[in-house]
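Hi everyone, thanks for coming.

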Amino acid sequence: MTKDITLTIDGKEVSVPAGTLIPDAAKKIGIDIPVFCYHPKMEPVGMCRQCLVEIGRPAFDRTTGEAVLEEDGSPKINWGWKLETSCTNPVSEGMVVNTKSEKAVKGQNEMLEFQLLSHPLDCPVCDKGGECLLQDLTLAHGGTESRFNFDEKRHAEKKVALSDLIWLDRERCIQCGRCVRFQSEIVGEAVLGFEARGSHTQIMTTSEPGFDSAFSGNTTDICPVGALTTAQFRFGARPWEMEATASVCTECPVGCNTVLNTRRDVKTGGKVVVKRVMPRQNESVNETWICDKGRFTDFSADSRLTAPSIGWTDAIASAAQNLSAADEPIFVVDGSLPNEDLFNIKSLADEVGAKAYCYSEVGGGELTTKSGTYGKSGAGDAILVIGSDLYVDAPIFWLRAKQAVDRGATLIVATEEETRLDNFASTVVRDFAQGLEAAKEAFSKAENTVILYKGDDALAQSCADLNPTSLVGVWNDANTQGAWEMGYEAISDLDVLKGKTVYVAGKSALVASALEVAKFVVAQTAEDVQIAVSITEASGSKCVTLPSRNISESLGTFTSAERRVQLFHPAVPAEGDTLPGFVITAQVAEKMGVTLDIEAEDIFANFFDLSYADLSKTNPEEKLLIGGNCYENTQGVGVQL
Amino acid sequence: MDYMLLRHRDINNINQIDTFLKEDGFEGFKKALKMETVDVTNEVKAAGLRGRGGAGFPAGVKWSFMDNNNWPHYVVANADESEPGTFKDREIMESNPFQFLEGIAIASYAVGANAAYVYLRGEFWEVAHFLDEKIEEMEKAGFLGENIQGSEYSLKIYTHLGAGAYICGEETALLESMEGKRGQPRVRPPFPPSEGLYNKPTVVNNVETLSSVPYIIKNGAEGYRKFGTEKSPGTKIFSLSGNVNNPGNYELPLGTTFRELIFTHGGGIPDGKSIKAIMPAGASSSLIVANDEALDTAMDYESVPNVGGDLGSASVIVVDDSVSLDWLITKTMDFFHHESCGKCTPCREGSYWMKKLTERIHSGEGTEKDVELLKDVAYQIQGKTLCALGEFSTMAVVTSIERFPEDFKI
């Protein structure tokens, strides 16, 4: 533990760990020092000069080393003649900081005036309008008239597509370099840079194709102005028109905390839709970032079935009848379902003495339920990534592996193909056996050991044999881990369904595969299955479809690959007559004489020794680390099993 | 007086190694190699040698700041010489290169560096090639390389070219540029002797500073202190330009008056005009009103501030009474706007704003308000920039308007 340092900011005393920078210390006592270039996750650069403050330091007698005192016995404070950038100054004992003195405020206002010299007045059409740092500070401190009395301002290109996903407006850019530093410091992919100099300085992409990074969307969050925007959200909505609902990303098993921003949309006939996905802070999972795959998740499903073709009453009856009549009904799910759905299905299967399988191409489920998180690995730790290209499969795991290396962890990558993680690894092999061997060697010297694997049962077993502190499966779905925690049996092919009556719940692809082999299928899905169903109906097989709600419409929980249970909330009204998956199962069960809970929270409590309230606890320390438009986590950081 | 730095003016062919050796070449370095490293630094400290790049920081003190818990150490010679009106380092490197390289070698020995770099502005590519040849000759003669002169000490010197940016004369921007990054200044502290090139302790000294070192070691601090003043010892090369009859480099003891430089050595003002203002430190200068008091002021680090300027790199630009200063600051602002690196807001935006205002004022379309605004903008920049460039850009502007108001009457 480092010693805490006590200083005074605007007359208030605050104690913070040594090394804390002044803006973060100020934030702790509710004082906002205006910043543009500073971001708490990155090294300070002191470029924008917006955070100018007066800093005084206690005087010391050079010969005795004793503090010099004023006549009244208080410590004498030396004030420099210059204002200083607070972001580049770590706190020191007895320091006195004035952030709102006349001199400090004058300096800050002067910097703001410089920023605004040629800044376009297009806030009314700017995507950032309403959540823009420059706009906020201008409203708070800016003058009403520009002293830059030239007809011709400095103009620059306004529509630069850095990539298919990210647009740059060079006129709005204030050259703070947050985006450049995010890519080089945090991601380790320096695909953005500055070109030219002075007042001609502008952002450029240095990669081919442009802005080649799986994390590019984060730069639009940390951009303090509207220079970087996403193609998807461009002119899509005003920030204040949207609701914000806490959710969990469904694109991979990392479990990034997100916010779904929703609004009624004219393009969809006035329906409330998800306009954009934003990161929500969770320092144990995704910090303040999300990957582009998660950010640009497509929630639209125009051709989705919104009610059973034969009506709910008949559909439930048919499902129950067929399952009851079957000799050996089988229950199959995949990891796209929330825990609550999984639990009700498993309960029903257990009650009727049927097998409950979770379909997963990645093996070793039962091996991963023993160990925990891979956490914030660092010096002294060793990580083996085997069989998975994390950059594609689980980008935030990739980012964390890279950051673990930054902190001094040893990384071994064993994949058949080259991956972007190779650059950061101390050992790279293209053969699993060699990878396991290298890991064994590295693990013998390491404190905490982590294996992230993607492969069959045999590979999982070999990994488990190395006895890592954490064994993490890189599953294809967001909640596959949840199924293992509940005791589902793993299957990687659907041969067992041949000629059987099957309750299938999950993605449409799973339903379609089941339809090919099973005798009768009860299909519960939130996805579009109409095509699959019509093909099957044409071929004479039988099925009943039970359209369920998707994640954006439901309350429930996911368990991440790291065994963190996290809550998501309904963000948009349910489509048509769809029902929550666990309600559908409960209704089918009822017809079969089995009573199941129908409230998400009750179901959850049946399985976990936890409540939704436990999952909703927050960590107040975290918000000190927020910079940019990432959402503060007020809805809970989940619970690590 | 014999030249201490511009020795080639006394001795033909001193840029040839044989001649240099005959003329006591490398005697300082040979002597240093037999001394304790700390004694070398202490000798330079005692000599009171102050940095000739502009800031005037005592060189020996800088060397003593090197962090001995962090290795390796580097020495970098700042040969970016970009200040308008400064052209002294080039003459040293072209005509008296071995003395300069010897200075680098002594400094490197003193701080325990086994690699030293000469960072030259891109336009000096011919000088760089020339220095490369001289470095090779020194290696062949056993003054560079492994176990120099039978000692334990080894040193390599490399040249490195910049790419045409004034800002790279700022020591941390220079280091960034050497590391292959954009030439932009770093936040200081940490200063280079703690974290410099590749985050290792680094001494960055100007060419002229380093070229003064061999004399100090050979003749001792006392020998050096025979020249100049007590607080500004030694000789200095004054690059004289502007409205004078004989522009050029003049090596004179520090403390020589402006009058002597401009009228005795420089031959006075041409065409019977009279002197109006002096820019003692190139484009970064304040404009000193060239009255008798100023002309009789000693050119040293302590005295020039008394008449409202700084000695800086001692590139003395003479302005005669035919020059209207609204024109002059249009020129300096064009320069600083062009050279602002763009890293920090006040310099990037302020130099742009000042350029626009000076142009409007000079074109005759400006108003009195514009002049006031120009001064305001300059004040608004002062004390708030990341490095000294932004600060310097305001000096000529503010002092011209304040000291020569008649040139800005609308």
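This is a predicted model: local features need pLDDT of at least 70, side-chain atom pairs count only at pLDDT 80 or more; totals for chains, interfaces and linings use all residues.

Chain B has another cis bond to show you, from B:Arg188 to B:Pro189, with omega near -5°. B:Pro189 is in the loop between helix H8 (171-178) and strand S4 (202-206) of chain B.

While we're on backbone details, look at phi. A:Arg563 has a positive phi of about 70°, and it is not a glycine. You'll find A:Arg563 in the loop between strand S26 (556-559) and strand S27 (564-568) of chain A. This arginine counts as buried, with a relative accessible area of 9%. B:Gln149 is not a glycine either, and its phi is positive too, about 50°. B:Gln149 belongs to the loop between helix H7 (125-140) and strand S3 (156-161) of chain B, and it is partly exposed, at 40% relative accessible area.

Okay, let's zoom out to the domains. Chain A is split into domain 1 (4-115), domain 2 (117-230), domain 3 (246-299 + 618-640), domain 4 (312-364 + 483-609) and domain 5 (366-474). I'll pick out domain 3 and domain 5 of chain A, whose centres, taken over C-alpha atoms, are 27 Å apart. Their contact takes 14 residues from domain 3 and 13 residues from domain 5. Between them they bury about 960 Å², and carbon and sulfur atoms give 61% of that. How many salt bridges cross the interface of these two domains of chain A? The rule finds one.

Chain B is divided into domain 1 (7-224), domain 2 (235-320) and domain 3 (325-408). Here the centres of domain 1 and domain 3 of chain B are separated by 34 Å, again over C-alpha atoms. The contact is made by 12 residues from domain 1 and 10 residues from domain 3 of chain B. That pair buries about 870 Å², 71% of it on carbon and sulfur atoms, and the salt bridge count between them is zero.

Next, where the two chains meet. In total, 35 residues of chain A are in contact with 33 residues of chain B. The area buried between the chains is about 2,900 Å², with 54% coming from carbon and sulfur atoms. Four salt bridges are found across this interface.

I'd like you to click on B:Glu349, in helix H13 (residues 345-362) of chain B. The side chain of B:Glu349 meets that of A:Arg154 in a salt bridge, 2.9 Å from N to O. Is B:Glu349 buried or exposed? Its relative accessible area is 2%, so it is buried. Leaving aside neighbours within four places in sequence, B:Glu349 touches A:Phe114, A:Leu117, A:Arg154 and A:Gln175.

Last stop: the interior. In general, nonpolar side chains in soluble globular proteins tend to be buried together. The largest nonpolar core here has 113 residues, and the members touching the most others are A:Phe215, A:Leu384, A:Leu452, A:Tyr453 and A:Val588. Apart from that core lies another, of 59 residues, including B:Phe29 and B:Leu49. Back in chain A, the contacts of A:Leu452 beyond four places in sequence include A:Tyr374, A:Ile383 and A:Phe397.

A:Phe397 is also one of the buried residues of helix H10(A). Because 10 of its 12 residues are buried, H10(A) is largely enclosed by the rest of the structure. Among the elements covering those buried residues are helix H4 (178-187), strand S17 (382-386) and strand S20 (449-453) of chain A. After H10(A) comes A:Gly408, with a positive phi near 110°.

That's my tour, and I'm happy to take questions.

Note on methods: Residues are numbered from 1 along each chain as its sequence is written. Chains are lettered from A and ligands numbered from 1 in the order in which they are written. Side-chain values use heavy atoms; hydrogens and water are left out. A nonpolar core is a set of buried Ala, Val, Leu, Ile, Met, Phe, Trp, Tyr and Cys residues joined through side-chain atoms within 4.5 Å. Buried means under 20% relative accessible area, exposed over 50%, partly exposed in between (1.4 Å probe, protein chains only). Contact means heavy atoms within 4.5 Å. Helices (H or I, at least four residues) and strands (E, at least two) are DSSP runs, numbered from the N terminus. Domain bounds come from an automatic or database domain assignment. Buried area is the accessible area (1.4 Å probe) that two parts lose on being put together, summed over both.
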